[in-house]
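Here is a short briefing for a first look at this structure. Keep the sequence and the 3D view open while you read.

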Amino acid sequence: LKLRDKFLIAIILDSNIFYGDPLWRGPVFKKILELSNLEVLRILISDVVLKEVIRNSKKEFDLHFKSIKEGVSGIAKLTEGFDHSFIDKLPNDCERKIIERFSSLEKEGLIDIVKPKDEILSELIDRAVDKIKPFSEKKEEFRDGVIWLSCIQFALSEKFERIYFISKNISDFCEKRGSKTLHRDLKRDCP
């Protein structure tokens, strides 16, 4: 499925796809990595997505860790001689593990981490002011804009025949709420 050493399909993964599985262990991730390994498709991930995945995972880890500490503290109040030193032995390296996983996948050539180019800043500002998707009147979507523009520009420079954007955040990228049709503003970016 390669044409003159160019992949025909690119998939762009949004941050929310990684909620609950930032280390790529689930069956869907295994399948797309397998397809990438077979050079059927290329996985594009904005540098912004990686940073969001790390931040969100760290936040979730801290929340769970706090719950464990509070639970153990509650048990210790109700018992005598309870040894809760095991808390100090719990892993606290989720950020490092995520960075290692993404770096490893990139080194293996299974994913491309796309860094935004300086020249997209002007386009982002224009889109934010004019409320061109993924920007809207209701909220700030600067990260979404960086993710979209940097990956689309990279994909277009590589001349992919098809580009798929995978996100659970359809309200920022689709025509209307509940729709799965890419917004017309975004369709103009990738004919």
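Four strands form an open sheet in the order β5-β4-β3-β6, and their pairing is parallel. The edge strands are β5, residues 111-114, and β6, residues 162-166. Each of these two pairs on one side only. On average, neighbouring strands of the sheet are turned by 25° against each other, direction ignored. The model is a predicted one.

**Strand β3 and its neighbours**

- Strand β3 covers residues 9-13, and strand β4 covers residues 41-46. The two pair in the parallel sense over 4 bridges.
- I9 stands opposite R162 in β6.
- How many of the 5 residues of β3 are buried? The count is 4, so β3 is largely enclosed by the rest of the structure. Buried here means under 20% relative accessible area.
- The chain leaves β3, passes through α1 and reaches β4. This β-α-β crossover is right-handed.
- In a regular strand, side chains alternate between the two faces of the sheet.

**Helices across the sheet**

- Helix α1 is made of residues 27-37. It lies across β3, β4 and β5. Its direction is at about 120° to β4.
- Helix α2 is made of residues 47-78. It, too, lies across β3, β4 and β5. Its direction is at about 65° to β4.

**Where α2 meets α5**

- Helix α5 spans residues 142-157. The axes of α2 and α5 come within 9 Å.
- At what angle do the axes of α2 and α5 cross? They cross at roughly 135°, which means that α2 is oblique to α5.
- From α2, the residues in the contact are V48, V49, E52 and R55.
- From α5, they are R143, V146 and I147.
- By class, this contact of α2 with α5 has 4 nonpolar and 3 charged residues. It has no polar residues.

Technical notes. Residues are numbered from 1 along each chain as its sequence is written. This is a predicted model: local features need pLDDT of at least 70, side-chain atom pairs count only at pLDDT 80 or more; totals for chains, interfaces and linings use all residues. Side-chain values use heavy atoms; hydrogens and water are left out. Two strands pair if DSSP finds at least two bridges between them. Axes are lines fitted to C-alpha atoms, for helices over the stretch in contact, and angles run from 0 to 180 degrees between N-to-C directions. Contact means heavy atoms within 4.5 Å. Angles under 35 degrees count as roughly parallel, over 145 as roughly antiparallel, 65 to 115 as roughly perpendicular and the rest as oblique. Ala, Val, Leu, Ile, Met, Phe, Trp, Tyr, Cys and Pro count as nonpolar, Asp, Glu, Lys and Arg as charged, and the others, Gly among them, as polar. Buried means under 20% relative accessible area, exposed over 50%, partly exposed in between (1.4 Å probe, protein chains only). A crossover is right-handed if, with the strands pointing away from the viewer, the path from the first strand over the helix to the second runs clockwise.
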